[in-house]
Amino acid sequence: MSSCQGRDNVHMTSASSLLESSSPPLPWQHRLTQLGPQFFTRLHPTPVAAPAWAARNHGLAAQLGWPGDLLGDAHLPAFAGNALLGGSDPLATVYSGHQFGQWAGQLGDGRAIWLGEAMSLLGPQEIQLKGAGPTPYSRRGDGRAVLRSSIREYLCSEAMHGLGIPTTRALCLVASPEPVRRETLETAAVLTRTAPSFLRFGHLEHFAAQGDVDSLRQLADHVIAKHLPECHERATRWQGNPYAALLDVVQERTARLLAQWQAVGFCHGVMNTDNMSLLGLTIDYGPFQFMDGFDPGHICNHTDTQGRYAYSRQPNIAYWNLFCLAQALLPLIEDQDLTLQVLEGYKTGFPRALGDAMRAKLGLTGDLATEDQREADWQLVEDLLQLLASERVDYTLFWRRLSHAVASGGTHPMTSVQDLFLDRARWQDWCDRYLARLGQSDLAQVGQVMLRSNPKFVLRNHLAEIAIRQAQSGDFTEMDTLHNLLKSPFDEHAGFEAYADLPPDWASKLEISCSS
């Protein structure tokens, strides 16, 4: 949960006040509930007024192998929080965390209610309702989510999946005319999201801070056994210590995730430890942004006045968060030197993962590069990024145009790329070095690789804003259009070029905060 949430006088729904559907629509198993009551509180969602479908992700339901009628009208009340899915076991989990670099103490699922865990074709999947009312962890918040931010999370989680970046997924979105007070008066929404697990760094931090080593061990053992069984084999690298292995697997997944964020120009905005997934998923979409003009110092969250979570700082913040996780696991690892040694893996793993991602964007994937060549390639990348930053060149558009220019096999001039720069001489110097690096490569083949690494479509802020404004008037067609484009962002989608063009002037005036 982000550090900002609506505040109001609230009342939770009693555990026996909602009707349950007559037959379980999903193959539930609920392994989380085996942990015991110190990890969660059972409760029911709070009904919302006049719910209506805003979006249904039938494609995700099919991928999971869940019943075709799961997203039918009969289950609308359940996905609004007005009824219970048969066989579900709703609860809210407790966690703590560091927010904007400060220990925030106990937090928890303040407006997310866990319905349960169901088997699927992609393995076990947990289901949460976000915005379904207050919980014991709401900290005087109203437990609601607004339509504006819910649309952003729905679209961005699916956009990230389309980009191949690990993420929670969005199953459906329900809208309601019920008023919700944020910076202005808005309307409510309930988002249903899925993930193999919603466990965060903060879940382990909570029990470490409480000095409850038994519960800390129980939770860590649960994560290893149920979600990260590779820790058993990984422990052989760390003197047979499974908790050092757990830290190692999490740092490795986090390094890969951050490399993918940086490569695509994604800013999360609220990288608190309670917003960091133990599985290395992108989670909790708040004031995120895909950069337009490339700016390493870009701050997407206008309430982040110190720029703690600026784009260029994200990799180091991830390491800081991992250090907090390491401190939480230290009572289990019981060896400070070993713990620090595990963390060193991030310092080499992230740069290598980012280097691989950026080399792929340049089409430099077909050769077995030596370490010297990798270093030379990284210098090429750094020089390019400095050039892009000096002129705030549109990040997504640059990479896509470069990909097309290379894919033409040399028959397509670099003019469309050059047009993005004022300093043509500096661009030409870099371009000559790049073409020399490609050498005798099959440019058409290289370009095809680049076109699968550099998306044509990302969820730019202004595109989301247009969809939100239409949805607030009851029209969800733009939201559907964006979803269709973003789930296959590397395809051309003829006729939708405007969605991949430079943003309008008014886009730079949009301010996104964690008020959601």
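Phenylalanine 198 touches Glu126, Ile127, Gln128, Thr168, Arg193, His203 and Ile283, leaving out residues up to four places away in sequence; contact here means heavy atoms within 4.5 Å. The model is a predicted one, in which local features need pLDDT of at least 70 and side-chain atom pairs count only at pLDDT 80 or more, while totals for chains, interfaces and linings use all residues. Residues are numbered from 1 along each chain as its sequence is written, and side-chain values use heavy atoms, with hydrogens and water left out.

Phenylalanine 198 sits in the loop between strand E10 (185-195) and helix H4 (201-209); helices (H or I, at least four residues) and strands (E, at least two) are DSSP runs, numbered from the N terminus. With 3% relative accessibility, phenylalanine 198 counts as buried, where buried means under 20% relative accessible area, exposed over 50% and partly exposed in between (1.4 Å probe, protein chains only). Its contact partner Ile283 is 85 residues away in sequence, yet the two C-alpha atoms are 8.2 Å apart in space.

Threonine 93 is buried at 7% relative accessible area, and beyond its neighbours within four places in sequence its contacts include Leu32, Phe39, Phe40 and Tyr137.

Turning to the helices, Val446, Gly447, Met450 and Leu451 are the buried residues of H14 (residues 443-451). These residues lie on the same side of H14, because they cover an arc of only 140 degrees around the axis, the arc being that of the directions from the helix axis to the C-beta atoms. An α-helix has 3.6 residues a turn, so residues three or four places apart point the same way. The buried residues of H14 pack against helix H9 (336-361), helix H11 (395-407) and helix H13 (424-438). At the start of H14, the backbone nitrogen of alanine 444 has a side-chain oxygen of aspartate 442 within 3.2 Å.

The axes of H11 and H14 are 7 Å apart, at an angle of about 155 degrees; axes are lines fitted to C-alpha atoms, for helices over the stretch in contact, and angles run from 0 to 180 degrees between N-to-C directions. H11 and H14 are therefore roughly antiparallel, on a scale where angles under 35 degrees count as roughly parallel, over 145 as roughly antiparallel, 65 to 115 as roughly perpendicular and the rest as oblique. Residues of H11 that meet H14 include Arg400, Leu402 and Val406. H11 also holds threonine 396, which is buried with a relative accessible area of 7%.

In a further pair, the axes of H3 (residues 147-162) and H16 (residues 477-486) come within 8 Å and cross at roughly 20 degrees, so H3 and H16 are roughly parallel. Their contact involves, among others, Ile151 and Tyr154 of H3 and Met479 and Leu482 of H16. Threonine 477, also in H16, is partly exposed at 47% relative accessibility.

How values were computed. A polar contact is a pair of N or O atoms within 3.5 Å; within protein, one must be able to donate a hydrogen and the other to accept it, and residues adjacent in sequence count only if both atoms are side-chain atoms.
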